[in-house]
Amino acid sequence: MFISTQPQGSLTACAPEIQALSHMGSKHAVLGGLLAIASRYGKVGEITALERPQNAASDHDIFLVNFEETADAIVAARKLKCHLFGFSTLLVSVPH
């Protein structure tokens with residue numbers, strides 16, 4: 001189930017702090033920055049980077065941020081302008 005907390009439903013309209021992760025260089029650094037940001041809203045269980053096929057052209061990396069509490073995920077989705085994937089997971093798009 002995909003739930004948009006944003007009026008336009010765009011995957012690329014995340015908060016400036018999420019967009020700023022694009023300047024971190026490596027995917028490992030982006031994961032660390034994303035964990036630091038998400039942890040402000042509650043306990044994060046896991047962050048997963050979605051892998052794309054080699055021939056897929058995209059200017060964004062996609063991450064799933066799984067919170068332990070649904071309420072924390074909802075608050076984070078609203079504040080970070082991201083989408084919920086299910087009840088406690090954010091779908092986060094980081095430009096690169």
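Which side chains meet in a salt bridge? The side chains of E17 and R40 do, at 2.0 Å from N to O. A salt bridge is counted when a side-chain nitrogen of Lys or Arg lies within 4 Å of a carboxyl oxygen of Asp or Glu. A search of the whole structure finds one such bridge. The pair links distant parts of the chain. E17 sits in helix α1 (residues 16-19), R40 in the loop between α2 and β2, and 23 residues separate them. E17 is partly exposed, with a relative accessible area of 30%. R40 counts as exposed, at 52% relative accessibility. Buried here means under 20% relative accessible area, exposed means over 50%, and partly exposed falls in between (1.4 Å probe, protein chains only). Side chains of opposite charge can pair when their charged atoms come close.

The model is predicted: local features need pLDDT of at least 70, side-chain atom pairs count only at pLDDT 80 or more, and totals for chains, interfaces and linings use all residues. Residues are numbered from 1 along each chain as its sequence is written, and side-chain values use heavy atoms, with hydrogens and water left out.

The chain holds three helices and five strands. Along the sequence they follow the pattern β-α-α-β-β-α-β-β. Helices (H or I, at least four residues) and strands (E, at least two) are DSSP runs, numbered from the N terminus. Of the 96 residues, 39% count as buried. The accessible surface of the chain comes to about 5,600 Å². Carbon and sulfur atoms account for 56% of that surface. Areas come from the Shrake-Rupley method with a 1.4 Å probe; for residues, only the protein chains shown count as cover. Contact means heavy atoms within 4.5 Å. Among contacts between residues at least 6 apart in sequence, 58% join residues at least 24 apart.

The largest nonpolar core has 24 residues. Such a core is a set of buried Ala, Val, Leu, Ile, Met, Phe, Trp, Tyr and Cys residues joined through side-chain atoms within 4.5 Å. I18, V65, F67, L80, L90 and V92 have the most contacts inside the core. At least two core residues come from each of α2 (27-39), β2 (44-49), β3 (60-67), α3 (70-80) and β5 (89-95). In soluble globular proteins, nonpolar side chains tend to be buried together. I18 touches L34, I37, L80, V92, S93 and V94, leaving aside residues up to four places away in sequence.

The buried residues of α2 are V30, G33, L34, I37 and A38. Seen down the helix axis, they fall within an arc of 130 degrees, so they line one face of α2. The arc is that of the directions from the helix axis to the C-beta atoms. Cover for these residues includes α1, β2, β3, α3 and β5.

Helix α3 also has a buried face. A73, A76, A77 and L80 are buried there. Viewed down the axis of α3, these residues fall within an arc of 100 degrees, so they line one face of the helix. They pack against α1, α2, β3, β4 and β5. The face turned away from the buried side carries the exposed residues A71, R78 and K79. K81 follows α3. Its place is in the loop between α3 and β4 (83-85). Phi of K81 is near 55 degrees, a positive value in a residue other than glycine. K81 counts as partly exposed, at 40% relative accessibility.

T48 lies in strand β2. T48 is partly exposed, with a relative accessible area of 30%. T48 touches I62, F63 and L64, not counting residues up to four places away in sequence. The C-alpha atoms of T48 and L64 are separated by 5.1 Å, although the two residues are 16 apart along the chain. L91 is in strand β5. L91 is buried, with a relative accessible area of 11%. L91 and V65 are 26 residues apart in sequence and 6.7 Å apart in space, C-alpha to C-alpha.
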